[in-house]
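Thanks for coming. I have one structure to go through today, so please look at the screen and I will start with a single side chain.

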Amino acid sequence: FEMALSWWGILLAAGLGIISGLQSGLLTTLLYKIEDAFEKLPIHWMWWPALGGLVVGLGGLIEPRALGVGYDIIADLLHSRIAVGAVLAILLVKAGIWLVALSSGTSGGVLAPLLILGGALGWLVGLVLPGDPGFWAMLGMAAMMGGTMRAPLTGTFFAVELTGDTSALVPLLAATVAAYAVTVLMDQSLYDVISDPSLPVAHTEDTVGRVADIMIHADTGRVPVVEPQTGRLVGLIARKDLLRLRSATNRAELERGAYLRSKV
């Protein structure tokens, strides 16, 4: 791609990064709003994954390629082997079912959907920019990953490793850094935990039952986990994680004869 190292090409790459950063912020905002909507439903939270699965199924009827991991879509975007209408449909449907799946506790990944959503938007924007839309799809993937994960270098080198195109290193850096800057300024990230002194927290030494009690009393579906000595955040546990932990803990504790101590 001849314009990859020209100054105006780098400016266009940074511009796409800004668009990807705004896309990341929008998706994050929608994710938390949908999670709040599930919290307000007048049904038990055990039904949330079923509702999420229903939405995913309906989305699959509208655009079947939006289902699954999507590595074939990523390859088609990079090589421009896909029609405009298909890209637009995948972008909208994939975003919708992915957000609902995550919000409802339905099983789903993060990395591949981020690459698809960023790549699809980059490809569409690339239709009005010079060069192959597949190049802009690559920048969109890297920028979406780097901005959302707050790791621009990770997004950059992931794209280089994915495509083997080291000549695109400079525009990739421009796109990922721009996306990162936007998400920082918007204070939006899928991996953020709101720092609030009143927010209930669990400790790494707490039992499954203790964490469940914290969720019930605080009426929340997510609890930050910190180290009791240092207060350092080590992760975020959700209700769906708690169910898996409870099952594993129950089996382990049964073997030690101490099931009742951590029974939820």
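Asp76 counts as buried, because its relative accessibility is 13%; buried means under 20% relative accessible area, exposed over 50%, and partly exposed in between, with a 1.4 Å probe and protein chains only. Asp76 lies in helix α3. Helices here are DSSP runs of H or I with at least four residues, strands are runs of E with at least two, and both are numbered from the N terminus. Leaving aside neighbours within four places in sequence, Asp76 is in contact with Arg65, Arg81 and Ile82, where contact means heavy atoms within 4.5 Å.

Before going on, the basis. This is a predicted model, in which local features need pLDDT of at least 70 and side-chain atom pairs count only at pLDDT 80 or more, while totals for chains, interfaces and linings use all residues. Residues are numbered from 1 along each chain as its sequence is written, and side-chain values use heavy atoms, with hydrogens and water left out.

Now the chain as a whole. The protein chain has 10 helices and three strands, and along the sequence they follow the pattern α-α-α-α-α-α-α-α-β-α-β-β-α. Of the 264 residues in the protein chain, 44% are buried. Among contacts in the protein chain with a separation of 6 or more, 66% are between residues 24 or more positions apart.

The largest nonpolar core has 43 residues, and Leu77, Met138, Leu139 and Leu172 have the most contacts inside it. A nonpolar core is a set of buried Ala, Val, Leu, Ile, Met, Phe, Trp, Tyr and Cys residues joined through side-chain atoms within 4.5 Å. At least two residues of this core come from each of α1 (7-39), α3 (71-78), α4 (84-104), α5 (111-126), α6 (133-148), α7 (152-163) and α8 (169-186). Which helix gives the most to this core? That is α6, with 10 residues. As for Leu172, not counting residues up to four places away in sequence, this side chain's residue touches Met138, Leu139, Ala142, Thr156, Ala159 and Val160.

Axes are lines fitted to C-alpha atoms, for helices over the stretch in contact, and angles run from 0 to 180 degrees between N-to-C directions. Angles under 35 degrees count as roughly parallel, over 145 as roughly antiparallel, 65 to 115 as roughly perpendicular, and the rest as oblique.

The axes of α3 and α5 are 10 Å apart, and the two helices pack at an angle of about 25 degrees. They are therefore roughly parallel to each other. From α3, the contact uses Tyr71, Ile73, Ile74 and Leu77; from α5, it uses Ala112, Leu115, Ile116, Gly119, Ala120 and Trp123. By class, that contact has nine nonpolar residues, one polar and no charged. For these classes, Ala, Val, Leu, Ile, Met, Phe, Trp, Tyr, Cys and Pro count as nonpolar, Asp, Glu, Lys and Arg as charged, and the others, Gly among them, as polar.

With α6, the axis of α3 comes within 7 Å and crosses at roughly 130 degrees, so α3 and α6 are oblique to each other. Here Ile74, Leu77 and Leu78 of α3 meet Gly134, Ala137, Met138 and Met141 of α6. The classes are six nonpolar, one polar and no charged.

On the α1 side are Gly9, Leu12, Ala13, Leu16, Gly17, Ser20, Gln23, Ser24 and Leu27, and they meet Trp136, Leu139, Gly140, Ala143, Met144, Gly147 and Thr148 of α6. How many nonpolar and polar residues does the contact of α1 with α6 have? There are eight nonpolar and eight polar, with no charged residues.

Last, the backbone. Most residues other than glycine have a negative phi. Ser80, in the loop between α3 and α4, has a positive phi of about 55 degrees, and Ser80 is partly exposed at 27% relative accessible area. Arg150 also has a positive phi of about 55 degrees. Arg150 lies in the loop between α6 and α7 and is partly exposed, with a relative accessible area of 26%.
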